[in-house]
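Thanks for coming. I will go through one structure today, starting with single residues and ending with the interface.

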2 protein chains.
Amino acid sequence: MKHFYAIILICITLSSALAQSETDSSRLKKIYDLALSQPKGYEWLEHLCNKIGPRLSGSPQAQQAVDYTKKIMDTLGLDRVFLQEVMVPNWKRGDKEIGRIIDSKKQKTEVRVVALGNAVGTGKKGIEASIIEVKSLKELAELGKSKVEGKIVFFNRPMDVTKIRTFEAYGGAGDQRRSGPSEAAKLGAIGVVVRSLTTSIDNYPHTGALAYQLNVPQIPAVAISTQGAELLSKMLKQDPQLKFYFRTTCEMLPDALSYNVVGEIKGSEKPDEIIVVGGHLDSWDLAKGAHDDGTGCVQSIDVLRLIKALGIKPKRTIRAVMFMNEENGLRGGVKYAELAQKNNEKHIAAIESDGGGFTPRGLGVGDERAFEIIQTRWAKLFVPYMVEIQNQGGGADISPLRNQGVPLMSLNVDSQRYFDYHHTEIDTFDKVNLRELQLGAAAMAGLIYLISEYGL
Amino acid sequence: MKHFYAIILICITLSSALAQSETDSSRLKKIYDLALSQPKGYEWLEHLCNKIGPRLSGSPQAQQAVDYTKKIMDTLGLDRVFLQEVMVPNWKRGDKEIGRIIDSKKQKTEVRVVALGNAVGTGKKGIEASIIEVKSLKELAELGKSKVEGKIVFFNRPMDVTKIRTFEAYGGAGDQRRSGPSEAAKLGAIGVVVRSLTTSIDNYPHTGALAYQLNVPQIPAVAISTQGAELLSKMLKQDPQLKFYFRTTCEMLPDALSYNVVGEIKGSEKPDEIIVVGGHLDSWDLAKGAHDDGTGCVQSIDVLRLIKALGIKPKRTIRAVMFMNEENGLRGGVKYAELAQKNNEKHIAAIESDGGGFTPRGLGVGDERAFEIIQTRWAKLFVPYMVEIQNQGGGADISPLRNQGVPLMSLNVDSQRYFDYHHTEIDTFDKVNLRELQLGAAAMAGLIYLISEYGL
């Protein structure tokens, strides 16, 4: 008889678990169906890119983006929409840059360059000097002061196109842009030219932030298009005495007031447990910031919209955050984590979408324990949507939450096209596909729904 | 002692298997590296799309594409490059089509339409009649002759945007285009307007083949853009008496001589066992045929190029085929299978790439036994490339080989963008990403290398 009851109990447990999973799978289906059939995020993105445009921290457009995304969230019937004040760097590009190769016979060849973000300018006259090509910081160091002093250093190591995950290739080449200027300055260089970080060979220079080291002279630095880099390298081989000229009038103004934009649905049972989803609202000044990271912003708002529109009452609090200043300071992300700590908030998960609005391949979980739980419990639910649970996840804006023990996650998307557009004038709305964008919103909404329902 | 020898034997077997798999994985790595770092297929595709352009069966451009792809293969040092003669339908679109909504007050609204492939024309005067909207062939049949006779039938069932795999959505709506005209004609309709088969709402009409039934009057038929379809449907609700006018001057000329283009590397050990990989060389006349299916063609040639360039001497014969006339006849595919049978050729696998040159998600194997073998033996080798072995595969051009028991396979790619471009003027070279294209060539080359090495 004991066995009988035991079996009955098992049956009840199993069938209840089964029913639960049926509910969850039909919930996910509803989320996806709504995301694909009523694609709001795509409309919002069009406004952000084409009506507002580039939105560098401190710019009027960044403020417009704050106002616009707050306004959208105000219409969604959320429990709370608010701004978090944050002081941001206020870097201005100034005039359109000039880049020029001048060979030994004084023949001039114009090449496309753009100032690196946060760089100092050359002054109105520009700088002209001999140029020396290196492939790495190590190679630069080996050259030593005697070979570098007074020159412009040309960092020309390409991203490794054989990496399947293009972010690995980006990671493998990014030190040139970030650390190259200060490392060159230590050896007496007067300027830096960096090959654009892209897997593509084209004529769009890709900007991006440099990081000047303390107590090292700040020297001007530009990115050159990959076509320009190939040309310069070729000409240098034939004519090592050639000179390079560039002119930038960029400058760093005093910090400006800006905002993170936050929208929230309060949890019905455990309102103190917060799940945050976000992207960054700022973009580079020369990019419309479609894939970087307008898509992450509208997807995050869309998560709230989908949950509200389906009448889901999440047990835990869900928050969408448009972080300000990922590109050249991360101040918004740092501020968000600071306030979370100050306010004793308990974040149980943070998810970022900042890899472009491409087809989702996975939901990445950068915390081993959380990965195991999510993988075991819910991986099957995402199979129909061709989304895996992956054990790599996170994002720049949410990274300051790591210290508070928050499991960091990300929407992991197909990355083949991302660096074609990244930080350039061609990161435009038309490069975003409606379905790919919406699938990303749905995948995040699905995961967030599950976490809000069951915790981690 | 017996045990000792047994263990030694196991060790030898295991380590040899391990070594084998190491060789295979480094082979795959070399294939991928070369595909990504020396992307030949992309160059060929640019020529095919931008120098040759649309290449409908029977057109001069189709012949140029035959000549061009043969010429490319002639440079690859293959063992054999040859043409297979095939007679193809020779349909001509004629003048640019006119489509017009005429409301009860004689107000005219122009809408974009294109003749369906293989359709008869309206004659120079066009046709004007009342128009009746249906969502399915069933709904049409239920209306019966009395409601349909003398009218134009408007098929307006959208593709189901909630399907994650867009080809399923295409399959679910395609009967309207293929069978709609004859079904409408049986009830006395004088013309057909079909909503374009796309998940996108835009103003590009998508052509595609209809299939007239024997002994049913052939009536003219056009595709209307999805924006046009939405407008027409809305206007019809407000004004059911409105008329529709369209004019097409398309016609079917006598069959024309064309060719499949075949390139081959002879197997070193089992030359009689053939692995065929292909795409179709023809495209619609209004499309440059980038994703449909220039990409499949250049990827197939690239498979041979990669294998030759890496000095791999395949044990079995590998053949790349540019099939002619997939779009409006499938004559090339039928001819290829016919000749294979006639010549007693033994095909051990046939792989097609005809889903666009997008990021590979899987290698699809539409044969249970072959799927099990490939999945078990080699799935792991493709993990680093984010490619799964999937149990759905095949392709139109290779489908006639099924009767000969050949396992049919395909490159299964991300399908979100495909139907934005499919059979329209915007299926152009710039929609193809170099890396996505090349990853497809590499995935197929990898699988084909393994099959050529070990058989199935």
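B:Tyr418 has a relative accessibility of 2%, so B:Tyr418 counts as buried; buried here means under 20% relative accessible area, exposed means over 50%, and partly exposed is in between, with a 1.4 Å probe and protein chains only. Before I go on: this is a predicted model, where local features need pLDDT of at least 70 and side-chain atom pairs count only at pLDDT 80 or more, while totals for chains, interfaces and linings use all residues. Residues are numbered from 1 along each chain as its sequence is written, chains are lettered from A and ligands numbered from 1 in the order in which they are written, and side-chain values use heavy atoms, with hydrogens and water left out.

Back to the rings. B:Phe419 is also buried, at a relative accessible area of 0%. B:Tyr418 and B:Phe419 make an edge-to-face aromatic pair, with 5.0 Å between centres and 80 degrees between planes. The rule takes rings of Phe, Tyr and Trp (its six-membered ring) with centres within 6.5 Å; planes under 30 degrees apart are stacked, over 60 edge-to-face, and the rest tilted. Over all chains there are 22 aromatic pairs.

Another of these is A:Phe323 with A:Tyr336, edge-to-face at 5.6 Å centre to centre and 80 degrees between the planes. A:Phe323 sits in strand S12 (residues 316-323) of chain A and A:Tyr336 in helix H9 (residues 331-342) of chain A, so the pair ties together parts 13 residues apart in sequence. Helices (H or I, at least four residues) and strands (E, at least two) are DSSP runs, numbered from the N terminus. Both A:Phe323 and A:Tyr336 are buried. Chain A also has one aromatic cluster made of A:Phe167, A:Tyr170, A:Phe358, A:Tyr418 and A:Phe419.

Next, the backbone. Most residues other than glycine have a negative phi, and most peptide bonds are trans. The bond from A:Asp292 to A:Asp293 is cis, with omega near 0 degrees, and A:Asp293 lies in helix H8 (residues 290-309) of chain A. In chain B, a cis peptide bond joins B:Asp292 and B:Asp293, with omega about 5 degrees. B:His423 has a positive phi, near 65 degrees. B:His423 is placed in the loop between helix H11 (418-421) and H12 of chain B, and is buried at 4% relative accessible area.

Now the interface. How many residues of chain B are in contact with chain A? The count is 28 residues of chain B against 27 residues of chain A, where contact means heavy atoms within 4.5 Å. The two chains bury about 2,400 Å² between them, 52% of it on carbon and sulfur atoms; buried area is the accessible area (1.4 Å probe) that two parts lose on being put together, summed over both.

The rule finds 2 salt bridges across this interface, a salt bridge being a side-chain nitrogen of Lys or Arg within 4 Å of a carboxyl oxygen of Asp or Glu. One of them joins A:Glu436 and B:Arg417, with the closest N and O atoms 2.9 Å apart. On the side of chain B that touches chain A, helix H1 (2-37), strand S14 (360-365), strand S15 (388-390) and helix H12 (434-454) of chain B each supply at least two residues. H1(B) gives the largest share of that side, 5 residues.
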